Amino acid sequence: MRTVYNQRHAAHAATHEFFRGRLVPAFEVPARADYVLQAVQAAQFGEILNPVDHGLAPLERVHAPAYLRFIQGAHAEWLALGGEGDAFPAVWPVRSLRSDVEPASFAARMGLYSMDSGTPLTAGSWEASYWGAQAALTGLDLALGDEGRAYVLTRPPGHHAGADFFGGYCFINNAAVAAQAALDRGLSRVAILDVDYHHGNGTQAIFYERSDVFYASVHGDPRTEYPFFLGHADERGAGAGLGFNANVPLPSGSSNEAWFAALEEALAPLARYAPDLLIVSLGVDTYAHDPISHFKLDRLEFGQLGQRIAAFGAPRTLFLQEGGYATEAIGHNVVAVLRGFEE
Ligand code: Q9C
Ligand code: ZN
């Protein structure tokens, strides 16, 4: 399987993030992708390609143009106002406040276009995220070609980013951009299987009222785990999308047996859906030693996951890198999934 590598990922490099009101060392760091690249090279999986520029239009099919413009210029705005280092939001338009009027204040727009203070907006967030989306689109080109598969190695991740907000270390929703692009190229049914530890609230929300993209996720129960405010089992889609969303939340600390049982629960409706393309939001923060997550998968189970995705038998499969914060182990864990898939 070929890999598309977002070689501009390191433009997004934060030293710190807010966690429970304090600045702590950032978890989502450039070394993550460096370790995965090393592991993929060592495994000799096949060619490693650079992203091809598909332009802004495919991003605008998913994200609000005003949001994209804001992210593109936000760090320069921050610096022009005398800000130093990374920018963080600190005020949000919650219930009873208006979010339909874009404020002039930079601080207010940071809040309007975000969901948390744990996602540093850096000088290179836009560059890294833009090329990450291009990597996803290039991976889609490969998956739609003769090989029928591809792995996209990128950061920052994407699945928490909504149509008009960033958060959870994510700015551009790569899985959503790829899914929409696949539909725009004539596919009629796309499934997204999200195996990251965290619920992909952004991806779910983008497709919640649509039947052309089925979103299914296994994740830490939002009652105790980030993103807290979405990802419950009763979220099954709405309107035309009713029945095209499946969440299988699991308690923090769940066993591997419980995790694989949950995976079966997520895969069953996807199998009935019979997608033309399966996009895997591949977070490996389900790893037993992940510093911010609490499931127990290890090398063996990641291999088993890859095998199960192969057995699912989608005509085309696109793996997109999401979370995973045990920096030195991410590469081995990703390679275990891809090897399991290829066997
Ligand atoms: N400082 C993804 O895995 N904050 N995002 C956790 C730890 C949010 C994770 C607190 C975690 C977001 C793509
Ligand atoms: Zn995650």
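Predicted model: local features only at pLDDT ≥ 70, side-chain atom pairs only at ≥ 80, totals over all residues.
Ala, Val, Leu, Ile, Met, Phe, Trp, Tyr, Cys and Pro count here as nonpolar, Asp, Glu, Lys and Arg as charged, and the others, Gly among them, as polar. In total 18 residues surround the ligand, and the closest are F19, G118, P157, G168 and G323.

The account now turns to the sheet. An open sheet is formed by 8 strands, which follow one another in the order β4-β1-β5-β10-β9-β6-β7-β8, with parallel pairing. At its edges lie β4 (48–49) and β8 (245–250), each of which pairs on one side only. Within the sheet, β6 (residues 190–194) and β7 (residues 213–220) are joined in the parallel sense over 5 bridges. I192 has Y215 of β7 as its bridge partner.

Helix α1 (residues 31–43) packs on this sheet, where it touches β1 (3–5), β4, β5 (149–153) and β10 (317–321). The direction of α1 makes about 145° with that of β5.

Two packed helices are described by the angle between their axes and the distance between the axes. For α1 and helix α10 (residues 327–342), the angle is about 45° and the axes are 7 Å apart. The crossing of α1 past α10 is right-handed. On the α1 side, the contact is made by A31, R32, Y35, V36, Q38, A39, V40 and A43; α10 contributes T327, E328, I330, G331, H332, V334, V335 and R339. By class, this contact has 9 nonpolar, 4 polar and 3 charged residues.

Note on methods:
Residues numbered from 1 in each chain as written. Chains lettered and ligands numbered in written order. Near = placed C-beta within 6 Å. Pairing = 2+ DSSP bridges. Helix = DSSP H or I, 4+ residues; strand = E, 2+ residues; numbered from the N terminus. Contact = placed C-beta atoms within 7 Å. Axes fitted to C-alpha atoms, helices over the stretch in contact; angles between N-to-C directions. Left-handed = near helix turned anticlockwise from the far one by under 90°.
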